[in-house]
Amino acid sequence: MAAETYNPWTIVNLVFTHLAEQGLHPELGAAGHPGEPAAALLRAFGIVPTVEGDARVQAGIHDELAGLRARLLDTPSGSGSVSD
């Protein structure tokens with residue numbers, strides 16, 4: 001079975017939503033970028049954040065970019081030139 005992956009911001013949002021529903025006012029990264037405090041929160045739950053994120057999302061992005069490149073940049077020979 002493949003390892004399950006999660007978008008770390010989904011988990012952070014879930015935690016913050018729960019805290020807000022309890023009447024608390026959580027802050028994350030109030031002194032700067034929230035990335036490291038968010039990673040620390042995930043580690044506290046036993047979740048190992050990765051820099052590259054969800055591999056399925058990355059694969060989809062790469063596939064979409066390849067399709068865009070094929071449609072926009074690959075032109076039949078001679079038809080992509082601009083004449084003066």
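**Three helices and a loop glycine**

Reader: Leaving aside neighbours within four places in sequence, which residues is Gly 29 in contact with?
Author: Contact means heavy atoms within 4.5 Å. Gly 29 is placed in the loop between helix 1 and helix 2. Neighbours within four places aside, its contacts are Pro 34 and Pro 37.

Reader: What kind of model is this?
Author: Residues are numbered from 1 along each chain as its sequence is written, and side-chain values use heavy atoms, without hydrogens and water. Local features need pLDDT of at least 70, side-chain atom pairs count only at pLDDT 80 or more, and totals for chains, interfaces and linings use all residues; the model is predicted.

Reader: Is Gly 29 buried, partly exposed or exposed?
Author: Buried means under 20% relative accessible area and exposed over 50%, with partly exposed in between (1.4 Å probe, protein chains only). Gly 29 has a relative accessible area of 21%.

Reader: In what order do the elements of the protein chain run?
Author: Helices (H or I, at least four residues) and strands (E, at least two) are DSSP runs, numbered from the N terminus. The chain has three helices and zero strands. From the N terminus on, the order is α-α-α.

Reader: Why do the buried residues of helix 2 line one face, and within what arc do they fall?
Author: The buried residues are Ala 38, Ala 39, Leu 41 and Leu 42. The arc is that of the directions from the helix axis to the C-beta atoms. These residues line one face because, seen down the axis of helix 2, they fall within an arc of 155 degrees.

Reader: Which exposed residues sit on the face of helix 2 turned away from its buried side?
Author: Helix 1 is part of what covers the buried residues of helix 2. The face turned away carries the exposed residues Glu 36 and Ala 44.

Reader: Which residue just after helix 2 takes a positive phi?
Author: The phi there is about 85 degrees. The residue is Gly 46.

Reader: How does Leu 65 count at 39% relative accessibility?
Author: Leu 65 lies in helix 3 (residues 55-72). At 39% relative accessibility, Leu 65 counts as partly exposed.
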